[in-house]
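My entries follow in the order I looked things up.

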Amino acid sequence: MDSPWSAALTGMLTGAALIIAIGAQNAYVLRQGIKRSHVLPIVAICALSDAVLIAAGVGGMGAIVAAAPGLITAIKWVGAVFLVGYGVLAARRALHGEHLDAAGGLGPTSLKAAVLTALAFTWLNPHVYLDTLVFLGSVATSHAERRWWFWAGASAASVIWFSGLGFGARLLGPLFAKPRAWRVLDGVIAALMVTLGVSLAAG
């Protein structure tokens with residue numbers, strides 16, 4: 001039988017492998033971090049959402065999700081539309097340099113808009129349910145009564161990653177003092193979002 005610390009370490013490494021990937025949510029957190037705009041609530045939403053979803057998977061919700069493909073399909077289409085729409089807006093910013101300001105990048109986003117966007121990137125991604133509820137939930141069961149230590153490790157990985165990404169992004173501030181850098185970033189984000197949205201719909 002593994003120790004609590006072994007289960008927690010396995011959870012941390014497994015969670016990190018799923019979280020640390022180029023994706024829509026990470027791109028959004030990075031952009032907000034560079035802007036220094038509502039970073040704390042955005043990081044908190046992403047990390048807390050992961051903790052809740054992983055807990056649900058560890059608690060057995062994965063089987064229910066796996067048995068309800070219609071729900072995942074509905075989330076998939078809503079998520080695809082959201083990603084493509086966000087990608088189009090990013091493309092417009094890249095092409096027109098809307099509201100660019102050499103001292104601080106883009107003008108501040110309202111807290112409400114930032115929170116709602118972070119929630120959408122998190123909860124409208126069907127893969128998050130498969131990764132957290134189904135996959136991590138299944139791996140956690142192999143640790144039997146230590147499965148909640150596995151959850152603690154996976155949740156800690158999420159907190160560490162999003163905190164580092166959101167608050168560490170400010171180190172790129174000098175680079176993004178140039179309006180052109182924002183256009184390049186928004187161009188990359190636009191391509192990423194549209195590609196993810198289309199692949200999500202096609203898949």
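**Overall size.** I began with the radius of gyration, taken over C-alpha atoms, and the globule rule of 2.2 Å times the number of residues to the power 0.38. A compact globule of 203 residues would come out near 17 Å, and the chain has 18 Å, so the two agree. I then took the box along the principal axes: the C-alpha atoms fill roughly 55 × 35 × 25 Å.

**Ground rules.** This is a predicted model, so I kept to its limits: local features need pLDDT of at least 70, side-chain atom pairs count only at pLDDT 80 or more, and totals for chains, interfaces and linings use all residues. Residues are numbered from 1 along each chain as its sequence is written, and side-chain values use heavy atoms, with hydrogens and water left out.

**Fold.** I counted nine helices and two strands. Both kinds of element are DSSP runs numbered from the N terminus (helices H or I, at least four residues; strands E, at least two). Read from the N terminus, the order is α-α-α-α-α-β-β-α-α-α-α. Next I checked contacts, meaning heavy atoms within 4.5 Å. Of those with a separation of 6 or more, 89% are between residues 24 or more positions apart.

**Surface.** I looked up burial (buried is under 20% relative accessible area, exposed over 50%, partly exposed in between; 1.4 Å probe, protein chains only). Buried residues make up 42% of the 203.

**Salt bridges.** How many salt bridges does the whole structure hold? I found two, taking a side-chain nitrogen of Lys or Arg within 4 Å of a carboxyl oxygen of Asp or Glu. One joins Arg31 and Asp186 at 2.8 Å, N to O. Arg31 sits in helix H2 (residues 24–35) and Asp186 in helix H9 (residues 179–202), 155 residues apart. Both residues are buried.

The other bridge joins Asp186 and Arg93 at 3.1 Å, N to O. Arg93 is in helix H5 (residues 69–96) and Asp186 in H9, so this pair ties together parts that are 93 residues apart in sequence. Arg93 is buried, as is Asp186. I noted Arg31, Arg93 and Asp186 as a linked network of salt bridges.

**Positive phi.** Which residues did I note here? His38 has a positive phi of about 55° although it is not a glycine. His38 lies in the loop between H2 and helix H3 (39–58). Its relative accessibility is 26%, so His38 counts as partly exposed.

Ala144 also went into the notebook: phi is near 50°, a positive value in a residue other than glycine. Ala144 is in the loop between helix H7 (126–141) and helix H8 (147–168). At a relative accessible area of 39%, Ala144 is partly exposed.

**Phe121.** Is Phe121 buried or exposed? I found it buried, with a relative accessible area of 4%. Phe121 belongs to helix H6 (residues 111–123). Leaving out residues up to four places away in sequence, Phe121 touches Ala24, Gln25, Tyr28, Phe82, Leu83, Tyr86 and Met193.
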